[in-house]
Amino acid sequence: METTLFHVFRNTPLGREIFMQSLYFCRGINASIVVYIPEHTKFLMYFDNDVVQVDLDESYRTAPATAKAHALELAREAELDPRFVRPKNFTASTLPDLPVDFDFMCCPRSVSDLSSKISLGHIGPKVRRIINAARFPVLIPSCLFKEWQSILVFFGGSVNAVKALKLGLRLGRETGKPVDLFTQADGMPKESFEEILVNRGMDEEVSQRVRTWHFFETGSFEHNLYSVPHNALTVMGAYGHGLVRDMLFGSTMETIQTHLPNTMLIAGPNYVMPR
Amino acid sequence: MKQFISWRHPARLLPFRRDDRMLLIVMGIIVGISSGLAALGLNISLVFMLETLHHWRHHWWAFLLPAAGAMLSSLFLEKAMNEGAGHGVPEVIYSVSRYGGLMRFRSSISRLVASCLTIGSGGSAGPEAPVVMSGAAIGSNIAKLFYLNDRQRVTLVGCGAAGAIAAIFNAPLTGIIFTMEIILGEWSMVNIIPIAVAAVSGAEISRLLRGNSIAFESSGSFHIGSVDLVACLGLALVASMTSLILTRMLRRMHGVSSRVSVPKWVRAAMGGAAVGLLGFLVPDVLGEGYHAIHAMIQGNFTTGLTIAAIACLAKILATSLTLGWGGSGGIFAPCLVIGSFAGLAYHRLLVFFMPSVTWVNEGCFALLGMAGMISGILQAPLTGIFLILEITGSYEVMLALIIVSALSTTITHYFEPASFYLKDLTERGQLLRPGTDARVLADMTIREVLEKDCISVPPDMLLREFLHVVKRSTRNYFPVEDPDTGYFLGMVRFDHVRPYIFNTVMYDAVLVEQIMDADVETVHYDDELADVLHKMDATRCYSLPVVSNHRFVGMVSKATLLDKYRDELKVQTTQRM
């Protein structure tokens, strides 16, 4: 089955950088790109157990007349043939419903705030809700296009971390790029992490495919993040704990996204690994 | 921790795992009480606003009050809540039809505040549709909180709507019937019980906080004679024509206002100001207008036939100006007011032409007019009948109510096949009632019926080699793909090969590309199955290739589709038991 990445196109220089990241990602994993050029500043995404209204910032409606041509031009440069999605259903006349049956979605760190507010440590509430509700992982690109040369998976041993590891290994297989692991031990011995891999039947694949396992028993997490290569695609799982923390993901993800400028691929709690 | 997870996922608890009815009843009580409280909150806020603004109504600038209210309402919806204006019931029906009742949390409060501003300031609209929207959103979000499935969520959306209607009118039966007839569009045992419980909870909370009173009680009982029953036929016609005028005027106003190129809040203010000016001439058009209904049913509306007819038309105009130009609210209350004016005017016309006949009290015709109007515009006769019975307590007029409601629905349906709430959805093909062909097809995707066991062949393959492929294949369709790019080039059907099978000379002379159909109709797996079936019928094909990004993905066939269709239909109809 064809793998697809969904991208909401922004016809600005920042939007171009983000689109180029999407195109690069699609080329790497041989996926098709599905592009939405917003006709309204808001849209709805109906997930399995949540409906997310995304209120785009005004820059998404910049020069709509040239948006498609710009997107096509960039896609063709990347030798990709984009499919433009036009909403078929509308909850209200100015509120289209977008499909959600994609394999990946690309979101900047914020879709509702002005570009000037985008910085490290800020992931917008809508992007968080999409990550939390979606069955697909969300690609959060860095602000400037940069080709990534390796894949680094944050592995903390949780169920979501295992899903993220499977996702990272899959990307490694499809792109042919080396896969690294990053673990902050928090007092747990390496054997317990290896046991998790054995229990999940992933030990063999990890030993074959993983180039380096950055395993930190000491030092602060923030400090250890320096060992993440600047040109790595970081893959991590995000999860909710309850009523309040459903909205605020685990602290590990908060720390990572605050300190790392890398492109991130985040698998939320409802992410389903394709068979 | 495990126990905590269980409470977030109550459907997984042992008592509810086999049969979730008890769970839905418990949830129904919670939703009914919550939506009832929301409805009462709006009611109390409206009374407060109307009483506060009442002292300013005699000033010359009072026409600006509805303008300010509509403007603030529009600004609140647009800027603060990021929602579009409107009464919202179609949105509830849409979410139930298409997305298993998923609704945004903001809808729980947005319409309550917006409609309070519009109606409280004098705009001609009703609070019932906003409370339905709010109740439904509360039900949806409670279901979301507890991770209930689509079917359970739809039931809770119904519970919210029923609780809200039951609370605002103190009419639990109407809440149940409105929900089943209009919101869900199906009568299933699994839904009725939780919805009934929610309606009772909503009504009880209303009685507890507001007292158990009948909204529009008549001064005495109505004794309907056979002459009155005959006159009901004419009243049904009047009510249905009035509902047609209101429906078309509302739509026309939407069209006119959308052509005015000013911000939405300015548009809403313009509509509100027009209503305010109309209110100087006919004060009964302002707000919900329930005081006028009281007067008519009690027989205290003393003005003559002409004034009653003018008031009826003025209320239609005011409602169209309020809702059509961007104010927030529903059409329930205006329908009741317009219907009672129409009934009253009709009664006075009868008395004028046939003064010697002993007619029933004019309040009875006002009441019947309300039923006719509600039944006509919503095309929901049971809702019309039970609403009037419960809000007036006049059970002795049951027979006349049935006649007027049934006839009004039938006549209106003749001119407008879809009700006011469903018209837009029907036109956009988005009304998907459970168990219908459209709903079954909408709930299936091409991915679910995709057949991937086709063997692809290159265009330069010789017929001899191709026949070997045919021999080991179980299918009659063979996609032809470019060996370099993987692009789909066309399709070879077994029928194409048949002329060459018995001519062995051709085996090494004919290439696949010579016999393939390069102009074959294709579908994409994002296409809707209803469209795919149309395409199959148009091209007289039983199978179509699914092509994405120039690549062959699989085949979709009518046979597999029918199998899956039956499975889906079984699921949808079993859920209704």
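Ser93(A) counts as partly exposed because 13 other C-beta atoms lie within 10 Å; the label covers residues between buried (20 or more other C-beta atoms within 10 Å of the residue's own) and exposed (12 or fewer), with C-beta atoms placed from the backbone. Ser93(A) sits in the loop between S6 and strand S7 (95-98) of chain A. His40(A) is 53 residues away from Ser93(A) in sequence, yet the two C-alpha atoms are 9.8 Å apart in space. Strands here are DSSP runs of E with at least two residues, and helices are runs of H or I with at least four, both numbered from the N terminus.

This is a predicted model, in which local features need pLDDT of at least 70 and side-chain atom pairs count only at pLDDT 80 or more, while totals for chains, interfaces and linings use all residues. Residues are numbered from 1 along each chain as its sequence is written, and chains are lettered from A and ligands numbered from 1 in the order in which they are written.

Chain A meets chain B through 18 residues from chain A and 19 residues from chain B, with a contact being a pair of residues whose C-beta atoms, placed from the backbone, lie within 7 Å. On the chain A side, strand S3 (42-46), strand S4 (51-55) and strand S6 (89-92) each put in at least two residues.

Now for chain B itself. Chain B has 26 helices and 4 strands, and its C-alpha trace spans about 100 × 60 × 50 Å along the principal axes. Of its 577 residues, 51% count as buried. If one takes the contacts in chain B between residues at least 6 apart in sequence, 79% join residues at least 24 apart.

Helix H3 (residues 21-54) of chain B has 34 residues and should span 50 Å at 1.5 Å a residue; its end C-alpha atoms are 48 Å apart, so the two figures agree. The expected span is 1.5 Å times one less than the number of residues. Buried positions in H3(B) include Leu24(B), Met27(B), Gly28(B), Val31(B) and Gly32(B), and also Ala38(B), Ala39(B), Leu40(B) and Leu42(B). The buried residues of H3(B) pack against helix H6 (107-120), helix H7 (128-145), helix H8 (150-169) and helix H10 (189-210) of chain B.

Helix H14 (residues 305-324) of chain B passes the length check too: its 20 residues should span 28 Å, and its end C-alpha atoms are 28 Å apart. H14(B) is largely enclosed by the rest of the structure, because 14 of its 20 residues are buried. After H14(B) comes Gly326(B), with a positive phi near 115°.

Helix H11 (residues 226-258) of chain B packs with helix H16 (residues 362-378) of chain B at an angle of about 50°, their axes 8 Å apart. Axes are lines fitted to C-alpha atoms, for helices over the stretch in contact, and angles run from 0 to 180 degrees between N-to-C directions. H11(B) is therefore oblique to H16(B), oblique being what is left once angles under 35 degrees (roughly parallel), over 145 (roughly antiparallel) and 65 to 115 (roughly perpendicular) are set aside. By class, the contact of H11(B) with H16(B) has 9 nonpolar, 7 polar and no charged residues.

Most residues other than glycine have a negative phi. Tyr147(B), not a glycine, has a positive phi of about 50°, and Gln379(B), also not a glycine, has a positive phi of about 50°. Tyr147(B) lies in the loop between H7 and H8 of chain B and is partly exposed, with 16 C-beta neighbours inside 10 Å. Gln379(B) lies in the loop between H16 and helix H17 (381-392) of chain B and is buried, with 25 C-beta neighbours inside 10 Å.

Key: Contact = placed C-beta atoms within 7 Å. Nonpolar A, V, L, I, M, F, W, Y, C, P; charged D, E, K, R; others polar.
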